[in-house]
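User: I am new to reading protein models. Can you take me through one, feature by feature?

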Amino acid sequence: MLCMENVTKTYEMRRQTVAALTEADLSIPAGDFISLVGPSGSGKSTLLVMLGGMLSPTSGRVLLDGESVYDLDVDARARLRKSKVGFVFQTFNLIPYLTASENVQVPLYLSGTESNDQEQRAAELLDRVGLGDRLYHKPAELSVGQQQRVALARMLANDPAVILADEPTGNLDPETSEQIIGFFEEFNREGRTIVMVTHNPETAERAKRVLKLRDGKIVDDRASIQTVGAA
Ligand code: ADP
Ligand code: ADP
């Protein structure tokens, strides 16, 4: 279970105070699949990185499995994040001079996986996303859809219970987007909790729940159309 309790985030910029998120209360049960929608600048990215333990709120608490994430010291928080949370970004953030396999091995190395096991595990993860025949390609030698799949394999490396995705299909054509959303649905069926920012209304309805932000406030929280249709 992932929760926000009365979370506010303000940024101080050139003596101006910008309220990026205001008094957000949110409860995300394990296995939920949320899409986060709203205009540019409404606070989606801010909410996502605060959920993931990467940005301290100005006030309020974020709870992950009962632990108050920002009351932990920096090291303990980093450990919690690495063991439970996987991130995917719109721009993939792959390391350009490393192969697909090496990119996936980075989090395995950081979490202390035996070096003999790292390459094998990376191959399994890449195989899972259909890239078993691209292990030694570098990002520039892969299509954008393949690059995003490498990022998915890397995100899965430490078997995260929570997946946070900031416009994971924002740079992809409709067919490739469809493939990536299919993987998210599969990860969700495995019991992983997913929060995904998207600008695409059709993609948003593929989640179970749609959360809408406007001017830093949660203005709507509803079941997705497909969930309502299935009920
Ligand atoms: P989106 O999430 O819609 O792709 P961004 O999060 O990149 O867009 O930016 C949304 C708004 O936040 C923009 O108006 C941008 O100028 C502003 N913004 C993002 N990062 C910063 C920053 N580091 N400093 C100031 N403004 C920022
Ligand atoms: P979204 O992801 O919905 O586009 P953001 O969370 O990026 O929204 O931004 C919310 C608000 O916070 C915007 O007004 C943006 O300009 C501001 N903002 C975001 N990041 C920063 C930052 N690092 N410094 C200053 N202002 C920021």
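**Reading the cavity, pockets, sheet and loops**

Analyst: Start with the largest cavity. Helix α2 (residues 74-84) supplies the largest share of its lining, three residues. Keep in mind that this is a predicted model.

User: Which residues line the largest cavity?

Analyst: Its lining is made of Leu51, Gly52, Gly53, Leu64, Val69, Arg77, Leu80, Arg81 and Val85. Sort them by class. Five are nonpolar, two are polar and two are charged.

User: Now the pockets. How much space lies in the largest pocket?

Analyst: A pocket is open, whereas a probe in a cavity cannot get out. The largest pocket has about 470 Å³ of space. It is lined by 19 residues, and those closest to its centre are Lys82, Val85, Phe87, Pro107 and Arg154. The elements α2, β6, α3 and α5 each give two or more residues to this lining.

User: What classes of residue line the largest pocket?

Analyst: Eleven are nonpolar, five are polar and three are charged.

User: Which element gives the most to the lining of the second largest pocket?

Analyst: That is α6, with four residues. Both α6 and α7 (201-204) supply at least two. This pocket has about 180 Å³ of space. Among its lining residues are Leu172, Asp173, Pro174, Glu178 and Arg206. By class, the lining has three nonpolar, three polar and four charged residues.

User: Next, the sheet. In what order do its strands lie?

Analyst: The order here is β6-β7-β8-β3-β9-β10, in an open sheet of six strands with mixed pairing. At the edges are β6 and β10, each of which pairs on one side only. From one strand to the next, the twist averages 15°.

User: How many bridges join β6 to β7?

Analyst: Five bridges join them, and the two strands run parallel. Take one example. Phe87 has Leu164 in β7 as its bridge partner.

User: Which strands does helix α6 touch?

Analyst: Look for helices packed on the sheet. Helix α6 (residues 174-189) is one of them, touching β3 (33-37), β6, β7 and β8 (193-197). The direction of α6 makes about 150° with that of β8.

User: How do I read burial, and which residues of α3 are buried?

Analyst: A residue counts as buried when its relative accessible area is under 20%. In α3, the buried residues are Ala100, Ser101, Asn103, Val104, Gln105, Pro107 and Leu108. Their cover includes α4 (115-128) and α5.

User: Gln118 is in helix α4. Why does Gln118 count as buried?

Analyst: Gln118 counts as buried because its relative accessibility is 8%. Now look at its contacts. Leaving aside neighbours within four places in sequence, Gln118 touches Gln105, Leu108, Tyr109 and Thr113.

User: Is Asn93 buried, partly exposed or exposed?

Analyst: Asn93 has 40% relative accessibility, so it counts as partly exposed.

User: And where does Asp215 lie?

Analyst: Asp215 lies in the loop between β9 (209-214) and β10 (217-223). Its phi is positive too, near 50°, in a residue other than glycine. Asp215 counts as exposed because its relative accessible area is 62%.

Key: Residues are numbered from 1 along each chain as its sequence is written. Chains are lettered from A and ligands numbered from 1 in the order in which they are written. This is a predicted model: local features need pLDDT of at least 70, side-chain atom pairs count only at pLDDT 80 or more; totals for chains, interfaces and linings use all residues. Side-chain values use heavy atoms; hydrogens and water are left out. Buried means under 20% relative accessible area, exposed over 50%, partly exposed in between (1.4 Å probe, protein chains only). On a 1 Å grid over the protein atoms alone, a cavity is a set of points where a 1.4 Å probe fits but cannot get out, and a pocket is an open set with protein on both sides within 12 Å along at least five of seven lines; lining residues have an atom within 4 Å of a point. Ala, Val, Leu, Ile, Met, Phe, Trp, Tyr, Cys and Pro count as nonpolar, Asp, Glu, Lys and Arg as charged, and the others, Gly among them, as polar. Two strands pair if DSSP finds at least two bridges between them. Axes are lines fitted to C-alpha atoms, for helices over the stretch in contact, and angles run from 0 to 180 degrees between N-to-C directions. Contact means heavy atoms within 4.5 Å. Grid points are joined across faces, edges and corners, and a volume is the space filled by probe spheres set on the points.
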